[in-house]
Amino acid sequence: MADNIILIGFMGVGKGRIARALVEKTGMFAIDTDDLIESLVNMKIRKIFEMHGEPYFRELEQRTADWLRCNVCNSIVSTGGGFFKVKKLGKKDKVVYLHSSLESIVATMEAHPKAKKKIKKRPLLQNMEQANILYKKRLPLYRKAADIEINVEQMEAEYVADKIVRKLGLK
Ligand code: S3P
């Protein structure tokens, strides 16, 4: 199994959007780890954090990673911002780190018509000072976990998808 393309990166960087653009370009199927987790426990991410705390959510991420490794191949996997920390990530996959500055991520999110909803559903974005600390801590770790890095700041999803296709030789 495996040989998936795993998109990692900070909250709100556009992993889902870019996954959808990749589907259009390649005809591959896409799957999202937060969606899998929400359906597994029939609860929204925000509620999982609220009722069971972050460590439980991380356990669910590990279970999801183990399931993906055994059951999903040749697919695009968009992930939650902390998913890259699971054990055995990308042993047989291509891990793509989508990079943008935090300032740009926040500005794009705030300009979105559904900005409030987008921020509210992310428990780790409630306090911007904390989010900034988390971003700085994770940046080198994303880079270490990735096979390739793509700068997505101010870029259209379609353009980013093209870049990924070319860099990974998908066509
Ligand atoms: C998280 C990112 C979220 C979601 C959860 C935790 C993180 O996904 O998995 O709120 O630890 O960075 P997005 O990256 O899609 O916002």
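Gln154 sits in the loop between strand S5 (148–151) and helix H8 (157–168). In this predicted model, the phi angle of Gln154 is near 60°, a positive value in a residue other than glycine. Gln154 counts as exposed, because its relative accessibility is 70% and the cut-off for that class is over 50%.

**Backbone at Lys88**

- Lys88 belongs to the loop between strand S3 (76–78) and strand S4 (94–99).
- The phi angle of Lys88 is also positive, near 60°, and Lys88 is not a glycine.
- With a relative accessible area of 52%, Lys88 is exposed.
- Lys88 is also one of the residues that line the largest cavity.

**Sheet and packed helices**

- An open sheet is formed by 5 strands in the order S2-S3-S1-S4-S5, with parallel pairing.
- Strand S2 (30–32) and S5 are the edge strands, each pairing on one side only.
- On average, neighbouring strands of this sheet are turned by 25° against each other, direction ignored.
- Strand S1 (residues 5–8) runs parallel to S4 and is joined to it by 4 bridges.
- Ile6 has Val95 in S4 as its bridge partner, and Ile6 also contributes to the lining of the largest cavity.
- Helix H1 lies across S1, S2, S3 and S4, and its direction is at about 170° to S3.
- Helix H8 lies across S1, S4 and S5, at about 155° to S5.

**Largest pocket**

- The largest pocket holds about 1300 Å³ of space.
- Its lining comprises 43 residues, and those nearest the centre are Gly12, Met109, Lys118, Lys121 and Arg122.
- Two or more lining residues come from each of helix H1 (15–26), helix H2 (33–41), helix H3 (45–52), helix H4 (54–71), helix H5 (102–111) and helix H6 (115–120).
- By class, the lining of the largest pocket has 19 charged, 13 polar and 11 nonpolar residues.

**Second largest pocket**

- The volume of the second largest pocket is about 150 Å³.
- The residues lining the second largest pocket are Glu54, Arg58, Glu61, Gln62, Gly82, Phe83, Lys85, Val86, Leu134, Lys137 and Arg138.
- H4 and helix H7 (128–145) each provide at least two residues of this lining, and H4 gives the most, with 4 residues.
- The lining of the second largest pocket divides into 6 charged, 3 nonpolar and 2 polar residues.

- The whole structure contains 1 cavity of 30 Å³ or more.
- The largest cavity has a volume of about 100 Å³.
- Asn4, Ile6, Ala65, Leu68, Arg69, Phe83, Val86, Lys88, Leu89, Gly90 and Asp93 line the largest cavity.
- H4 gives the most to the lining of the largest cavity, with 3 residues.
- This lining has 6 nonpolar, 3 charged and 2 polar residues.

Notes: Residues numbered from 1 in each chain as written. Predicted model: local features only at pLDDT ≥ 70, side-chain atom pairs only at ≥ 80, totals over all residues. Heavy atoms only, no water. 1 Å grid on protein atoms, 1.4 Å probe; cavity = no way out; pocket = protein on both sides within 12 Å on 5 of 7 lines; lining within 4 Å. Points joined across faces, edges and corners; volume = space filled by probe spheres on them. Nonpolar A, V, L, I, M, F, W, Y, C, P; charged D, E, K, R; others polar. Buried < 20%, exposed > 50% of the residue type's maximum accessible area, 1.4 Å probe, protein only. Pairing = 2+ DSSP bridges. Axes fitted to C-alpha atoms, helices over the stretch in contact; angles between N-to-C directions. Contact = heavy atoms within 4.5 Å.
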